[in-house]
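Please consult the sequence and the three-dimensional structure shown here. The report that follows treats aromatic side chains and then the surroundings of a ligand.

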Amino acid sequence: MFKLNDFQAYKQNDKKISMVTAYDYFSAKIVAESGIDTILVGDSLGMVFAGNENTISVTVDDMIYHAKAVKNGAPNSFIIVDMPFLSYHSTLAKTIKNAGKIIKATNCNAIKVEINSEHTISHVKALIDAQIPVIGHIGLTPQSVNIFGGFKIQGKTTDEANKIIGFAHKLVEIGVAAIVLECIPEQLAKTITNQINVPTIGIGAGKYCDGQVLVFHDLLGFEPNKKYQFVTQYANAYGYLTDALKNYKLDVTQPKLQFIENLG
Ligand code: KIV
């Protein structure tokens with residue numbers, strides 16, 4: 001099983017880290033069976049599982065419900081759980097309480113926190129001081145969608161790039177185990193990856209990161225109308241599943257007809 005100090009070991013040995021999201025028992029079981037290093041119970045579940053337009057409404061209790069199911073499906077995997085919007089922003093005590101609630105209820109191995117301000121960095125430090133392993137997340141941090149004015153690539157200007165590089169260094173200083181880089185230019189991801197000694201896990205951040213993370217449903221093709229430039233679809237789950245269900249319906253409604261068709 002992947003362990004916390006493997007983040008460091010993989011980076012030192014130039015070994016890439018694989019991460020995939022899971023929100024339920026079966027997806028977790030499939031991800032674990034595939035030998036993926038780490039599972040992320042991302043707050044993207046608010047969009048992918050629940051169909052909301054962003055992740056803002058996800059709660060700590062939502063995260064706990066899904067993470068428990070994931071743990072049941074992948075009891076031996078390294079599981080990271082997202083802290084949802086506003087669960088780590090108000091006071092240090094509430095931040096630690098919320099993270100503690102997630103870890104105690106789910107027995108996950110680390111939590112992930114989106115960073116788009118100095119304020120949240122001090123809260124991440126409090127979590128690490130409280131012995132909670134943290135993965136940072138910078139670049140396009142979806143919980144800041146209303147600040148960014150949409151889901152847009154970040155770090156395209158020099159100022160934005162420097163801000164993101166600054167966050168990366170501060171996160172390393174306070175002791176995060178790894179940093180997710182989401183939707184930033186490949187060269188910026190390369191610069192960060194080369195400058196810091198903790199692994200970067202990219203999503204839409206190019207090939208130079210120390211690992212990659214994708215959303216289970218995106219990489220398996222669950223949504224026919226949603227295509228991201230940076231996602232290679234490794235299956236057409238939507239097609240397989242609708243075909244299977246159509247066949248089932250045929251068997252239920254026209255069993256004889258289908259039997260005759262099958263003969264030739
Ligand atoms: O919530 C999530 O699934 C994530 C990944 C996309 C990195 O944060």
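Phe2 is buried, as its relative accessible area is 6%, where buried means under 20%, exposed over 50% and partly exposed in between (1.4 Å probe, protein chains only). Tyr10 is likewise buried, with a relative accessible area of 12%. This is a predicted model, in which local features need pLDDT of at least 70 and side-chain atom pairs count only at pLDDT 80 or more, while totals for chains, interfaces and linings use all residues. Residues are numbered from 1 along each chain as its sequence is written, and side-chain values use heavy atoms, with hydrogens and water left out.

The structure holds six aromatic pairs; rings of Phe, Tyr and Trp (its six-membered ring) pair if their centres lie within 6.5 Å, and planes under 30 degrees apart count as stacked, over 60 as edge-to-face and the rest as tilted. One of these pairs joins Phe2 and Tyr10 edge-to-face, with 5.1 Å from centre to centre and 70° between the planes. The ring centres of Tyr25 and Phe26 are 5.1 Å apart and their planes stand at 80°, so this pair is edge-to-face. Tyr25 is partly exposed, with a relative accessible area of 34%, whereas Phe26 counts as exposed at 57%. Phe2 and Tyr10 also belong to one aromatic cluster with Phe7 and Phe78.

| Residue | Distance to a ligand oxygen atom |
|---|---|
| Asp43 | 3.2 Å |
| Asp82 | 3.1 Å |
| Lys112 | 2.9 Å |

Taken alone, the ligand exposes 260 Å², and the protein buries 95% of that; the areas come from the Shrake-Rupley method with a 1.4 Å probe.

Definitions and conventions. A polar contact is a pair of N or O atoms within 3.5 Å; within protein, one must be able to donate a hydrogen and the other to accept it, and residues adjacent in sequence count only if both atoms are side-chain atoms.
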